[in-house]
Amino acid sequence: MERLNLGRTIVLSNEAFGTPQVGAADVKQVLNICFNSHDPNLDHICKSVISEVERITETTLITEREVSVIWQSFYDDEILPYCPIKAETNVTVKDLEGVDYPVADYQLVNNGGIYRLVGDFPDGVKLTYTTTQVMITDTQKLAIARIAAEVFSNPTADMGMLVLKQARIFRFY
């Protein structure tokens with residue numbers, strides 16, 4: 001019998017954006033323009049596209065953020081969203097009332113900052129941790145710049161669909 005993990009909620013907070021990995025200059029190359037009058041708008045579009053890629057892939061592309069993930073019930077194992085987890089960060093594992101679970105009740109398996117929670121929590125579990133930025137490849141950078149260029153050229157374009165069409169490019173682990 002298969003058991004399902006139910007009722008997952010993700011809360012993102014304390015986001016540190018730093019310098020975006022894709023910006024106006026990258027989009028201007030795609031659009032083949034050299035003037036600067038659209039730079040603020042292009043930077044805003046790039047941040048929106050990066051946020052959409054993060055939402056769809058559940059990966060952190062900004063400098064860092066705090067993540068809280070809650071499952072109303074959890075069985076077996078699952079990769080934690082928005083990895084990689086910052087090296088010096090502790091992952092807190094609590095019940096839904098805020099009481100720490102004993103370490104013997106679960107495992108956190110670390111594979112290069114990508115964590116997998118293993119355990120059974122029929123009454124729910126809440127994890128909190130800080131993630132750090134995944135560095136994107138040149139291909140991913142170009143894909144984000146092309147999506148931003150499309151949104152700039154066609155403001156009614158569906159950004160989510162544009163990202164989903166490029167989903168194979170945005171596999172981070």
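User: How much of the protein is buried?
Analyst: Buried residues account for 40% of the 173 residues in the protein. Buried here means under 20% relative accessible area, exposed means over 50%, and partly exposed lies in between, with a 1.4 Å probe and protein chains only.

User: What sort of model is this, and what is counted?
Analyst: The model is predicted: local features need pLDDT of at least 70, side-chain atom pairs count only at pLDDT 80 or more, and totals for chains, interfaces and linings use all residues. Residues are numbered from 1 along each chain as its sequence is written, and side-chain values use heavy atoms, with hydrogens and water left out.

User: How many helices and strands are there?
Analyst: The protein has four helices and seven strands. Their order from the N terminus is β-α-α-β-β-β-β-β-β-α-α. Helices (H or I, at least four residues) and strands (E, at least two) are DSSP runs, numbered from the N terminus.

User: And what box do the C-alpha atoms fill?
Analyst: Along the principal axes, the C-alpha atoms fill a box of roughly 60 × 35 × 25 Å.

User: Turning to the sheet, what is the strand order?
Analyst: Four strands form an open sheet in the order S1-S2-S7-S4, with antiparallel pairing. S1 and S4 (92–94) are the edge strands, each pairing on one side only. On average, neighbouring strands of this sheet are turned by 15° against each other, direction ignored. Two strands pair if DSSP finds at least two bridges between them.

User: How many bridges link S2 and S7?
Analyst: S2 and S7 (residues 125–132) pair over eight bridges, also in the antiparallel sense. Within that pairing, Val-69 has Leu-127 in S7 as its bridge partner.

User: What do S5 and S6 form?
Analyst: S5 and S6 form a hairpin with two residues between them, and Gly-112 in the turn has a positive phi of about 65°. S5 (residues 106–111) and S6 (residues 114–119) pair in the antiparallel sense over six bridges, with Asn-110 opposite Tyr-115 in S6.

User: Now the helices: at what angle do H1 and H2 cross?
Analyst: The axes of H1 (residues 24–31) and H2 (residues 39–57) cross at roughly 100° and come within 8 Å. H1 is therefore roughly perpendicular to H2. Axes are lines fitted to C-alpha atoms, for helices over the stretch in contact, and angles run from 0 to 180 degrees between N-to-C directions. Angles under 35 degrees count as roughly parallel, over 145 as roughly antiparallel, 65 to 115 as roughly perpendicular and the rest as oblique.

User: Which residues meet there?
Analyst: Ala-24, Val-27, Lys-28 and Leu-31 in H1 meet Asp-39, Leu-42, Asp-43 and Cys-46 in H2, where contact means heavy atoms within 4.5 Å. The residues of this contact comprise five nonpolar, no polar and three charged. Ala, Val, Leu, Ile, Met, Phe, Trp, Tyr, Cys and Pro count as nonpolar, Asp, Glu, Lys and Arg as charged, and the others, Gly among them, as polar.

User: How many disulfides are there?
Analyst: A search of the whole structure finds zero disulfides, a disulfide being a pair of cysteine sulfur atoms within 2.5 Å.

User: Is Cys-34 buried or exposed? What about Cys-46?
Analyst: Cys-34 counts as exposed at 71% relative accessibility, whereas Cys-46 is buried, with a relative accessible area of 1%.
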